[in-house]
Amino acid sequence: MDLTTVWFVLIAVLFTGYFILEGFDFGVGALLPVLARDDRERRVMINTIGPVWDGNEVWLITAGGAMFAAFPEWYATLFSGFYLPLLLILLALIVRGVAFEYRHKRPEATWKRRWDTAITLGSLIPALLWGVAFANILRGVPLDADHEYTGGLLDLLNPYALLGGLTTTALFLTHGAVFTALKTTGDIRHRARTLATRLGTLAAALTTTFLTWTLTIRGNTTAVILATTATAALLAGLTAAHHRREGWAFTGTATAIALTVATLFTALFPNVLPSTGDPAGTLTATNAASTPYTLEIMTWVAAVFTPVVLAYQGWTYWVFRKRIGVTHIPTH
């Protein structure tokens, strides 16, 4: 396997990790006004992701950095052509991060309610737009022979991309509901588990439709197997949730998200950004890649530091592994 393929796979792995980990805290944030009945329950939900949400975003930063260094042409074309949706994602993530830090700074209910709204919107917007972005990456966008994006915003809002956005939103909401059930006690746990099975039914229908459409656009035998297994994993997770096995349910939703992302990257390869305009504008893993020397240096750096980062994040999750409930939240 040459280094361009290795780094394509590594970027796919980084985005997979990001969507699994950030996916559940997007889901928790978006469900804040739905699952929580009062401020103590809202604080419980926020505390389930409080120790880990910023660490989860490291996966996105690393994926973006790896894309910039390993495939600079892909990075440049993607971030110029998708400028507005990616900017909205960035702003939403900033607002959400600020909201986590500021909602407890003052005791007034109005103050907290405004920041809770910011958390909800800051979670929903990226959940939707990441699906739109990746659907467009797989479908392809108008590019000229110089790999410059020649379309407009409406080109990105095509039916397939919008379905992709709805699919990721439903998957993340389901994943977040399952995570809430896994990490909480009492009434909020039961409500989260019930909501997960209801949302999961919608997520399964959207995922099946989206992946089927994906395979008609661009697909191969491996992608078909991955897509089929993704749907099966999601259904298995919903079955586990129905039987009050939150750990297995979380494994099922996480596996479904991972296999959905794997399906997209497998169907996309060896392209990284197909052109729906001039065929010469299509970016592939070969013509978008950095020099072999750059890729070699990056590989050595990744081999040394990746295990350290994974060990630290794994330790963080282990330390904060226990369930919490309203009994752990002071009344004042």
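Leaving aside its neighbours within four places in sequence, with which residues is Gln-313 in contact? The views below take up this question and several others.

The model is a predicted one, in which local features need pLDDT of at least 70 and side-chain atom pairs count only at pLDDT 80 or more, while totals for chains, interfaces and linings use all residues. Residues are numbered from 1 along each chain as its sequence is written, and side-chain values use heavy atoms, with hydrogens and water left out.

**View 1. Gln-313 and its contacts.** Gln-313 has its place in helix α14, where helices (DSSP runs of H or I, at least four residues) and strands (runs of E, at least two) are numbered from the N terminus. Apart from neighbours within four places in sequence, Gln-313 is in contact with Leu-21, Gly-55, Asn-56 and Trp-59, contact meaning heavy atoms within 4.5 Å. Gln-313 counts as buried because its relative accessibility is 11%; buried means under 20% relative accessible area, exposed over 50%, and partly exposed in between, with a 1.4 Å probe and protein chains only. The C-alpha atoms of Gln-313 and Val-52 are separated by 8.4 Å, although these residues are 261 residues apart along the chain.

**View 2. The crossing of helices α5 and α6.** The axes of helix α5 (residues 58-70) and helix α6 (residues 72-81) come within 5 Å and cross at roughly 120 degrees. Axes here are lines fitted to C-alpha atoms, for helices over the stretch in contact, and angles run from 0 to 180 degrees between N-to-C directions. On the α5 side the contact is made by Gly-64, Met-67, Phe-68, Ala-69 and Ala-70, and on the α6 side by Pro-72, Trp-74, Tyr-75, Leu-78 and Phe-79. Sorted by class, this contact has 9 nonpolar, 1 polar and no charged residues, where Ala, Val, Leu, Ile, Met, Phe, Trp, Tyr, Cys and Pro count as nonpolar, Asp, Glu, Lys and Arg as charged, and the others, Gly among them, as polar.

View 3. The buried residues of α5 are Trp-59, Leu-60, Ala-63, Gly-64, Ala-66, Met-67 and Ala-70. They cover an arc of only 160 degrees around the axis, which puts them on the same side of α5; the arc is that of the directions from the helix axis to the C-beta atoms. These buried residues pack against α1 (3-30), α4 (53-56), α6, α7 (83-102), α8 (109-139) and α14 (292-319). Leu-60, which is found in this helix, counts as buried at 17% relative accessibility.

View 4. The 23 residues of α13 should span 33 Å at 1.5 Å a residue, and its end C-alpha atoms are 33 Å apart, which agrees. Helix α13 is mostly covered, with 17 of its 23 residues buried.

View 5. Most residues other than glycine have a negative phi, and most peptide bonds are trans. His-147, in the loop between α8 and α9 (153-156), has a positive phi, near 65 degrees, and is buried, with a relative accessible area of 14%. Arg-244, in the loop between α12 (221-242) and α13, likewise has a positive phi near 65 degrees, but counts as exposed at 57% relative accessibility. A cis peptide bond, with omega about 10 degrees, joins Phe-269 and Pro-270, and Pro-270 lies in the loop between α13 (246-268) and β1 (271-273).

Definitions and conventions:
The expected span of a helix is 1.5 Å times one less than its number of residues.
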